[in-house]
Amino acid sequence: MHIRDENMPRITTTELANEFIEKQVKEIRKQVGDKKVLLGLSGGVDSSVVAALLIKAIGKQLVSVHVNHGLMRKNESEEIVEVFGKQLDANLIYVDATDRFLKLLEDVSDPETKRKIIGNEFVKVFDEESAKLEDISFLAQGTIYSDVIESKGVKAHHNVGGLPKHMKLELVEPVKSLYKDEVRVVGKALGLPSSMVDRQPFPGPGLGIRCLGAITKDRLHALREADAILREEFDKANLTDKVWQFFTVIPDITSTGVKDGKRLDYWPVIIRAVNTVDALHCTVPEIDYKVLKHITDRILSEVDGVCRVLYDLSPKPIATIEWE
Ligand code: XMP
């Protein structure tokens, strides 16, 4: 399938983005009429931009569903509620399914089983929520041009096949002719914050595959707090735009720590940062030692249960970006 007009100029400026937005708003209104549209709002760049575009075009006729699987980074779900629910006054259904996901993941340590459980449950929760809605005629998706050329037109999370059989929904895919960088420019022109639009890739299973082995609430909490510190300090050191993907990982082992003269079993935290163009080959950036030291000091003093911080120097291949 080839849907991009090669004469279309690359959207690099706000002016070009505004032209695109104006055209799409008209097309969406024409396609949808006065019917309702459903959207799974994961908080990723693509679904966020589609949400903002549809809100501009049809306002409350868009029903967005955000499922918090409890494996989001710190403040991510809160930001979605703040930006879409409050600032853009969207018709937003927020589902906190944290307990449900964590219960299902209890004692599950195999990474692929964890991925499957998270993916299946995500579709299930989304289905349950959409089944409660009436008069939905369309399903919006954040399909972008690279999804189209990889012939994966339908994104796994919001898979139409996963929706209840009685819902025969027509697709609305307003950014499917855009490259990722163009989606970001359009998002900015729509007024979305940089924290949403310039987001680094974040895996669907979220922190679930960075809390190694069987997920526990206390390790997940430590991981989330350490990750938030890393992001804050990379921002301050102007590294956010220079490093392709960076995050923390918490293994399911303890290591000996010492506090007030007492020996304790505490966790190590690993910092992972990579640069790449294709996600297939990655190098590890040389981060200023002072920055690494400062992040280490903050994690050790602010995150309970952590006694060691390590920086992963392994390239891909042989190591993958994620630890599991
Ligand atoms: P790896 O670890 O294979 O990661 O080097 C390559 C890129 O893919 C992301 N990743 C995932 N994304 N679901 C996703 O949506 C997953 O299960 C998953 N596993 C890895 C990873 O963050 C990196 O950007």
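Arg73 lies over the face of Phe202, at 4.2 Å from the ring centre, in a model that is predicted. A pair of aromatic rings is described by the distance of the centres and the angle of the planes.

**The pair Tyr145 and Tyr179**

- The ring centres of Tyr145 and Tyr179 are 5.3 Å apart and their planes stand at 85 degrees, which is over 60 degrees, so the pair counts as edge-to-face.
- This pair links distant parts of the chain, since Tyr145 belongs to helix H6 (residues 145-149) while Tyr179 lies in the loop between strand E5 (170-172) and helix H7 (180-189), 34 residues apart.
- Tyr145 counts as buried, at 2% relative accessibility, whereas Tyr179 is partly exposed, with a relative accessible area of 25%.

**The pair Phe234 and Phe246**

- Phe234 and Phe246 form a tilted aromatic pair, with 4.5 Å from centre to centre and 35 degrees between the planes.
- Because Phe234 lies in helix H9 (residues 217-236) and Phe246 in strand E6 (residues 245-249), the pair ties together parts that are 12 residues apart in sequence.
- Phe234 is buried, with a relative accessible area of 0%, and Phe246 is buried too, with a relative accessible area of 3%.

Conventions:
Residues are numbered from 1 along each chain as its sequence is written. This is a predicted model: local features need pLDDT of at least 70, side-chain atom pairs count only at pLDDT 80 or more; totals for chains, interfaces and linings use all residues. Side-chain values use heavy atoms; hydrogens and water are left out. Rings of Phe, Tyr and Trp (its six-membered ring) pair if their centres lie within 6.5 Å; planes under 30 degrees apart count as stacked, over 60 as edge-to-face and the rest as tilted. Helices (H or I, at least four residues) and strands (E, at least two) are DSSP runs, numbered from the N terminus. Buried means under 20% relative accessible area, exposed over 50%, partly exposed in between (1.4 Å probe, protein chains only). A charge sits over a ring if NZ of Lys or CZ of Arg is within 6 Å of the ring centre and within 35 degrees of the ring normal.
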